[in-house]
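Please look over the sequence and the model shown here before reading on. The briefing that follows takes up a few local features, grouped by topic.

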Amino acid sequence: MEAEAETETETETDGGVHAYTVRLELVDEPGELLRALSPIADNGGNLLSIHHERGNITPRGHIPVEVDLECPPDRFDDVVEGLRGAGVNVIQAGAERYGEEISVVLVGHLVENDLSETLSRIETEADAAVIDLSLAAPDGTEATSSARLRLAVDSGRTDAALEAIRSIGSTKDLTVVEPLLGGDA
């Protein structure tokens with residue numbers, strides 16, 4: 001997913017309530033949207049709109065969902081933590097956004113070593129969002145392949161993210177070529 005503009009509304013509504021946009025990535029299974037909306041209500045958020053892009057699949061094969069909500073500013077962090085605590089992948093929350101982009105290349109038996117699980121581990125353990133993926137398997141999926149990943153990482157967390165990616169690569173016998181600066185390589 002491409003980086004998007006800041007989405008926190010600067011104007012206050014009645015009672016000191018602010019409007020926020022939260023971007024989520026959901027698995028395409030029954031009940032996932034409800035699972036994502038419950039933490040919002042449970043933590044004092046009021047839904048304004050939901051844009052569920054079922055026909056637009058993310059690189060990980062999930063559904064992007066944009067939720068507009070309002071809540072007092074002191075409750076917004078609780079809403080976001082509630083979502084994350086429920087296992088919902090939060091791509092962007094209000095003005096919070098990933099501040100850095102890095103690109104790495106993974107080389108090895110990516111398909112045989114479960115590429116989907118590798119990407120999930122990177123997002124969880126490296127606390128990075130996979131925003132672009134290019135896979136090359138010129139000799140077929142059972143041979144050595146390579147994947148270029150463009151990752152969004154919180155500002156100041158690049159070194160920790162790369163260390164986690166190296167560790168994941170080591171456990172899966174993958175070579176990690178990093179970092180490719182600028183995210184455009």
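A residue is called buried when its relative accessible area is under 20%, exposed when that area is over 50%, and partly exposed in between, as computed with a 1.4 Å probe on protein chains only. By that rule arginine 54 is exposed, because its relative accessible area is 53%.

This is a predicted model, in which local features need pLDDT of at least 70 and side-chain atom pairs count only at pLDDT 80 or more, while totals for chains, interfaces and linings use all residues. Residues are numbered from 1 along each chain as its sequence is written, and side-chain values use heavy atoms, with hydrogens and water left out.

- Arginine 54 is found in the loop that lies between strand 3 and strand 4, where helices (H or I, at least four residues) and strands (E, at least two) are DSSP runs numbered from the N terminus.
- Apart from neighbours within four places in sequence, arginine 54 is in contact (heavy atoms within 4.5 Å) with Asp28 and Ile63.
- A separation of 7.3 Å is found between the C-alpha atoms of arginine 54 and proline 64, which are ten residues apart along the chain.

**The aromatic pair**

- The structure holds one aromatic pair, and the rings of tyrosine 20 and phenylalanine 76 count as stacked because their centres are 3.9 Å apart and their planes are at 10 degrees.
- Tyrosine 20 belongs to strand 2 (residues 17–26) and phenylalanine 76 to helix 2 (residues 73–85), so that the pair links distant parts of the chain, 56 residues apart.
- For such pairs, rings of Phe, Tyr and Trp (its six-membered ring) must have centres within 6.5 Å, and planes under 30 degrees apart count as stacked, over 60 as edge-to-face and the rest as tilted.
- Tyrosine 20 counts as buried at 4% relative accessibility, and phenylalanine 76 likewise counts as buried at 7%.

**The two sides of helix 1**

- In helix 1 (residues 32–42), the residues Glu32, Ala36, Leu37, Pro39 and Ile40 are buried.
- These residues lie on the same side of helix 1, because they cover an arc of only 150 degrees around the axis, the arc being that of the directions from the helix axis to the C-beta atoms.
- Leu34, Ala41 and Asp42 are exposed on the other side of helix 1.
- The buried residues of helix 1 are covered by elements including strand 2, strand 3 (46–52), strand 4 (63–71) and helix 2.
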